[in-house]
Amino acid sequence: MKVVPVPVRSDNYAYLLIDDASKKAAAVDPYDVPKVQAAAEKEGVQIVACLTTHHHHDHSGGNQAFAQRYPGVPIYGGSNQIPALTNLVKDKDEFKVDNISVKCMATPCHTQDSICFHATSSAGVEHPGAVFTGDTLFIAGCGRFFEGTGDEMVSALSYLSTLPDKTIVYNGHEYTGGNLAFAKSVDPANPALGRLATLVKENEITTGLTTIGDEKEWNPFIRLHSESIRKATGASTESDIMDILREKKNNFRG
């Protein structure tokens, strides 16, 4: 199994999820279909599925063009708000992309139809597992609560934290530099942020370079029980801490 990030728009990521044993691939959030098609041709793979993490236009906006370019190819997503949807999925649904097993994880908050896709395979090149988190989980951050509550984001990130620590995170935007700056402001003594700072300094594209285990160490929206995060928010319950953290991040200009 192999994952290829495809930068689109100013800071979005589409992806190719490739079964290297069969040379079949799924496109994840293929906003810019010509770019994704070019990446597939470069990798020598055939696109046989589309995975949509949520209905926001910068993620699902390429679906109509995708359906026209790849007629009959299934388009998976979590609600009928997703353009050109053919396969509606819910939490714990599973399907295959050739030799790759994909499990759907419903993570409502950023949108109510947010689905994270956990992919694993025992065929081809060994891979520790991937999770495509859309705008739910970012490296050292999380998405805004456009359609949900802090309590729902607590549940969503807790759910993602049940994945194996070695699972590689593939998120929806390149927000890592800003997330690092905010994390330093609320969790300044966290030594893990030094590792993240090095990663940001050395890599223009940071997606696919970190894991669920890393997020548990440096993501302030997951580290709700740490003393520094509690102190920074002045709150005690998880939902209150999450709400205050998100509001602080919304207003952060560091």
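Trainee: Let's start with A123. Is that residue buried or exposed?
Mentor: A123 counts as buried, since its relative accessibility is 19% and the cut-off for buried is under 20%. Keep in mind that this is a predicted model.

Trainee: Where in the chain is the place of A123?
Mentor: A123 sits in the loop between β9 and β10.

Trainee: And which residues is A123 in contact with, leaving aside its neighbours within four places in sequence?
Mentor: With those neighbours set aside, A123 contacts M1, D20, A21 and N99.

Trainee: Now P128. Where is that one found?
Mentor: P128 belongs to the loop between β9 (115-120) and β10 (130-134).

Trainee: What is the relative accessible area of P128?
Mentor: P128 has a relative accessible area of 31%, so this proline is partly exposed. Leaving out neighbours within four places in sequence, P128 has contacts with K166, T167 and I168. As for Q37, it lies 91 residues from P128 along the chain, and the two C-alpha atoms are separated by 26 Å.

Trainee: Okay, helices next. How do α5 and α6 pack, at what angle?
Mentor: The angle is about 155 degrees, and the axes of α5 and helix α6 (residues 192-202) are 10 Å apart. The two helices are therefore roughly antiparallel to each other. Their crossing is left-handed.

Trainee: Which residues make that contact between α5 and α6?
Mentor: From α5 you have T176, G177, L180, A183 and K184, and from α6 there are L193, L196, A197 and V200. By class, this contact of α5 with α6 divides into six nonpolar residues, two polar and one charged.

Trainee: What about α5 and α9, at roughly what angle do they cross?
Mentor: Helix α5 (residues 176-186) and helix α9 (residues 238-250) cross at roughly 125 degrees, and their axes come within 11 Å. That makes α5 and α9 oblique to each other. The crossing of this pair is right-handed.

Trainee: And which residues in α5 meet which in α9?
Mentor: On the α5 side they are G178, N179, F182 and V186, and they meet L245, K248 and K249 in α9. The contact of α5 with α9 has three nonpolar, two polar and two charged residues.

Trainee: Can we look at N179? Buried or exposed?
Mentor: N179 counts as buried, at 4% relative accessibility. This asparagine has its place in helix α5.

Trainee: What about the phi of K23?
Mentor: K23 is not a glycine, and its phi is positive, at about 65 degrees. K23 has its place in the loop between β2 (12-19) and β3 (24-28). Its relative accessibility is 41%, so K23 counts as partly exposed.

Trainee: Changing topic: how many residues has the largest nonpolar core?
Mentor: That core has 25 residues, and those with the most contacts inside it are V131, M153, L157, L160, F221, M242 and L245. At least two residues each come from α4 (150-160), α5 and α9.

Trainee: Which element supplies the largest share of this core?
Mentor: That would be α4, with six residues.

Trainee: And which residues does F221 touch?
Mentor: Setting aside residues up to four places away in sequence, F221 touches G141, C142, L157, F182, M242, L245, R246 and K249.

Methods: Residues are numbered from 1 along each chain as its sequence is written. This is a predicted model: local features need pLDDT of at least 70, side-chain atom pairs count only at pLDDT 80 or more; totals for chains, interfaces and linings use all residues. Side-chain values use heavy atoms; hydrogens and water are left out. Axes are lines fitted to C-alpha atoms, for helices over the stretch in contact, and angles run from 0 to 180 degrees between N-to-C directions. Helices (H or I, at least four residues) and strands (E, at least two) are DSSP runs, numbered from the N terminus. Angles under 35 degrees count as roughly parallel, over 145 as roughly antiparallel, 65 to 115 as roughly perpendicular and the rest as oblique. A crossing is left-handed if the near helix is turned anticlockwise from the far one by less than a right angle, and right-handed if clockwise. Contact means heavy atoms within 4.5 Å. Ala, Val, Leu, Ile, Met, Phe, Trp, Tyr, Cys and Pro count as nonpolar, Asp, Glu, Lys and Arg as charged, and the others, Gly among them, as polar. A nonpolar core is a set of buried Ala, Val, Leu, Ile, Met, Phe, Trp, Tyr and Cys residues joined through side-chain atoms within 4.5 Å. Buried means under 20% relative accessible area, exposed over 50%, partly exposed in between (1.4 Å probe, protein chains only).
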